[in-house]
Amino acid sequence: MKSNMKKFDVGIIGATGMVGQRFAVLLAEHPWFNVTVLAASPRSAGKSYSDIVSERWMMPVDLPEKYKDMIIMDASDVDEIAKKVDFVFCAVDMNKEEIKALEEAYAKAEVPVMSNNSAHRNTPDVPMLIPEINPEHAEVVKFQRERLGTKKGFIAVKSNCSIQSYVPALHPLMKFGIEEVVVCTYQAISGAGKNFETWPEMVDNIIPFIGGEEEKSEQEPLKVWGTVEPTDASLGDYSAKIINSKSPKITAQCIRVPVSDGHTAAVFVKFKDSDNKPSKEEILKLWEDFGGVNLPSAPKKFLTYFNEDNYPQAKLHRDLENGMAVSIGRLREDEVFDYKFIGLSHNTLRGAAGGAVLMAEMFADKGYFD
């Protein structure tokens, strides 16, 4: 980590929603990033941040004083915002094609975009980064810049919140050849931008469907585990792509549960050679020794295993390491698969705004915003 990091001016695009509010809290005292722009839809533009969010503030801490009198800008006013920032975080509530166009407009205005949205996750030269797992994917940015015709601007995306609860635990085991994964995620209501006041129907209820989540949970890990490969640009738009890993096969069910924050995953793993699978002791040691990254928002210990049979629990462990750690428990052998375990991560911290801030720290440390 650079010891002489300059301070970067940043914008939050989509600042009034739940993830935007989380960005505001996380960045209020950030050592590297100074928020100079809060932007949202035209109906919020021109009003103070406190006027818009005071009645719908969803964070567990008070609205930081520094933002109260900041005037919200129109998120579509790209040229004006570009004059005030070094890069932006994006968490807008728009349809996918509108998000794609908006994020690309910022990138072409030479403003790097750290996106919490899903619109560009399948774009082949847009890296989807978990800094502890696939930092090497940052190298695709130079090819993306060639395609966009930019010197500084680019788009990077944070992966779906649900996969943070199990992909970090699977990653150290990939060297043993994981063949199949079955995962059932139990996802908090904040993942839908809701709390119990705004979604009373979720009290004492479970909804066994979350639109698009199962597809993301099955496909996005394969991009995270993929490789950056140069291609023949004359045959298409991309001079390099992230080629998804062909394994493991993943099948998922995603269920909305009456929990405020924290996504839990029940995971079943089968190795290609079950006769030579790792022992339970080997798996626990791999989790214990899994290295992290030296960045301001990174947890000191990325993976924490609990020996108690009834751990991890969302209410007790989602805030571990400021909500940036992944909790694991109940590792045991399985009669159908090889092993099964439980994973847990905070969906709006590690899984959303916190993960995007950590991704931005990685790019800043590597000089991508200079």
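Gly11 stands opposite Val37 in β2, and six bridges join β1 (residues 8-13) to β2 (residues 33-40) in the parallel sense. The model is predicted, so local features need pLDDT of at least 70 and side-chain atom pairs count only at pLDDT 80 or more, while totals for chains, interfaces and linings use all residues. Residues are numbered from 1 along each chain as its sequence is written, and side-chain values use heavy atoms, with hydrogens and water left out.

**Parallel sheet**

- Six strands form an open sheet in the order β3-β2-β1-β4-β5-β6, with parallel pairing; two strands pair if DSSP finds at least two bridges between them.
- At the edges are β3 (73-74) and β6 (155-157), each of which pairs on one side only.
- Strands (E, at least two residues) and helices (H or I, at least four) are DSSP runs, numbered from the N terminus.

- All seven of the seven residues of β14 (residues 339-345) are buried, so the strand is largely enclosed by the rest of the structure.
- Buried means under 20% relative accessible area, exposed over 50%, and partly exposed in between (1.4 Å probe, protein chains only).
- In a regular strand the side chains alternate between the two faces of the sheet.
- Tyr339, Phe341, Gly343 and Ser345 are buried on one side of β14, and Lys340, Ile342 and Leu344 are buried on the other.
- β11 (residues 263-271) runs antiparallel to β14 and is joined to it by seven bridges; Ala266 stands opposite Ile342 in β14.
- β13 (residues 326-333) also pairs with β14 in the antiparallel sense, over five bridges, and Arg332 has Lys340 as its bridge partner.
- β13 and β14 form a hairpin with five residues between them.

**Nonpolar cores**

- The largest nonpolar core has 53 residues, of which Ile13, Ile81, Tyr106, Leu170, Val267, Trp287 and Phe341 touch the most other members.
- Apart from this core lies another, of 49 residues, among them Phe23, Ile72, Ala352 and Met359.
- A nonpolar core is a set of buried Ala, Val, Leu, Ile, Met, Phe, Trp, Tyr and Cys residues joined through side-chain atoms within 4.5 Å.
- Beyond its neighbours within four places in sequence, Ile13 is in contact with residues including Ala39, Ile81, Val92 and Tyr106; contact means heavy atoms within 4.5 Å.

**Pro131**

- Pro131 is in the loop between β5 (113-115) and α6 (141-148) and is buried, with a relative accessible area of 3%.
- Leaving aside neighbours within four places in sequence, Pro131 is in contact with Val293, Leu358, Met359 and Met362.

**Pockets**

- The largest pocket has a volume of about 1200 Å³ and is lined by 47 residues, of which Ala91, Val92, Asp93, Met94 and Asn117 lie nearest its centre.
- On a 1 Å grid over the protein atoms alone, a pocket is an open set of points where a 1.4 Å probe fits, with protein on both sides within 12 Å along at least five of seven lines; lining residues have an atom within 4 Å of a point.
- Grid points are joined across faces, edges and corners, and a volume is the space filled by probe spheres set on the points.
- α1 gives the most to the lining of the largest pocket, with four residues.
- The second largest pocket has a volume of about 610 Å³, and Arg22, Leu26, Asp319, Asn322 and Leu349 lie nearest its centre among 32 lining residues.
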